Amino acid sequence: MEIHLKIIGILMILLGAIHIFFPKYFNWKNELKSMSLVNKQMMIVHTFFIALMVFLMGLLCLISIDDLISTNLGKNISLGLGVFWTIRLFFQIFIYSQKLWKGKTFETSMHILFTLLWIYFSCTFLIIYFK
């Protein structure tokens with residue numbers, strides 16, 4: 001499991017860092033113009049804190065491998081992370097509209113990639129807990 005936590009740690013750190021590019025990629029300068037100031041700022045602040053938490057989850061996976069695998073607290077944290085990523089997987093499959101990706105090559109490939117990524121994260125953390 002150690003190698004999987006290292007891989008997940010690196011992937012989460014990269015995923016957290018990628019959030020830096022969201023405003024430009026998703027054209028937030030124009031897209032958020034019609035929103036009230038509070039909604040616009042909530043969008044920006046929440047994105048920052050999601051990025052920070054994903055980054056910190058990745059860092060945890062890299063620096064606390066033994067603890068996550070072998071201690072009761074680590075196993076409980078792994079359970080929490082497994083539940084978190086399983087819920088994220090559920091949202092990927094059932095909440096996001098297919099209109100966002102279906103029939104679009106890049107978006108479909110990203111949908112599939114992230115579905116597989118959430119499955120990998122979920123299964124790894126849940127296996128750690130139940131092992």
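In this predicted model, the chain exposes about 8,900 Å² of surface, and carbon and sulfur atoms supply 73% of that area. Buried residues make up 28% of the 131 residues in the chain. The C-alpha atoms fill a box of roughly 50 × 30 × 20 Å along the principal axes.

The secondary structure consists of 7 helices and 0 strands. Among the contacts in the chain with a separation of 6 or more, 75% join residues 24 or more positions apart.

Two of these helices may be examined in turn. Helix α7 covers residues 105-130. At 1.5 Å a residue, its 26 residues should span 38 Å, and the end C-alpha atoms are 37 Å apart, which agrees. The buried residues of α7 include Trp118, Phe121, Phe125 and Ile128. An α-helix has 3.6 residues a turn, so residues three or four places apart point the same way. The buried residues of α7 pack against α1 (2-18), α4 (37-63), α5 (65-70) and α6 (72-94).

Helix α6 can be treated in the same manner. Its 23 residues should span 33 Å at 1.5 Å a residue, and its end C-alpha atoms are 33 Å apart, in agreement with that value. Buried residues of α6 include Gly74, Ser78, Leu81, Trp85 and Leu89. Their cover includes α1, α4, α5 and α7.

Histidine 46 lies in helix α4. Is this residue buried, partly exposed or exposed? With a relative accessible area of 47%, histidine 46 is partly exposed, since the exposed class begins over 50%. Histidine 46 and serine 70 are 24 residues apart along the chain, and their C-alpha atoms are separated by 33 Å.

Finally, the charges may be considered. The mean positions of the 11 positive and 5 negative charges of the chain are 14 Å apart.

Technical notes
Residues numbered from 1 in each chain as written. Predicted model: local features only at pLDDT ≥ 70, side-chain atom pairs only at ≥ 80, totals over all residues. Heavy atoms only, no water. Helix = DSSP H or I, 4+ residues; strand = E, 2+ residues; numbered from the N terminus. Expected span 1.5 Å × (residues − 1). Buried < 20%, exposed > 50% of the residue type's maximum accessible area, 1.4 Å probe, protein only. Contact = heavy atoms within 4.5 Å. Areas by Shrake-Rupley, 256 points an atom, 1.4 Å probe, with all protein chains shown as cover. Lys, Arg positive; Asp, Glu negative; His and termini not counted. Charge placed at Lys NZ, Arg CZ, Asp CG, Glu CD.
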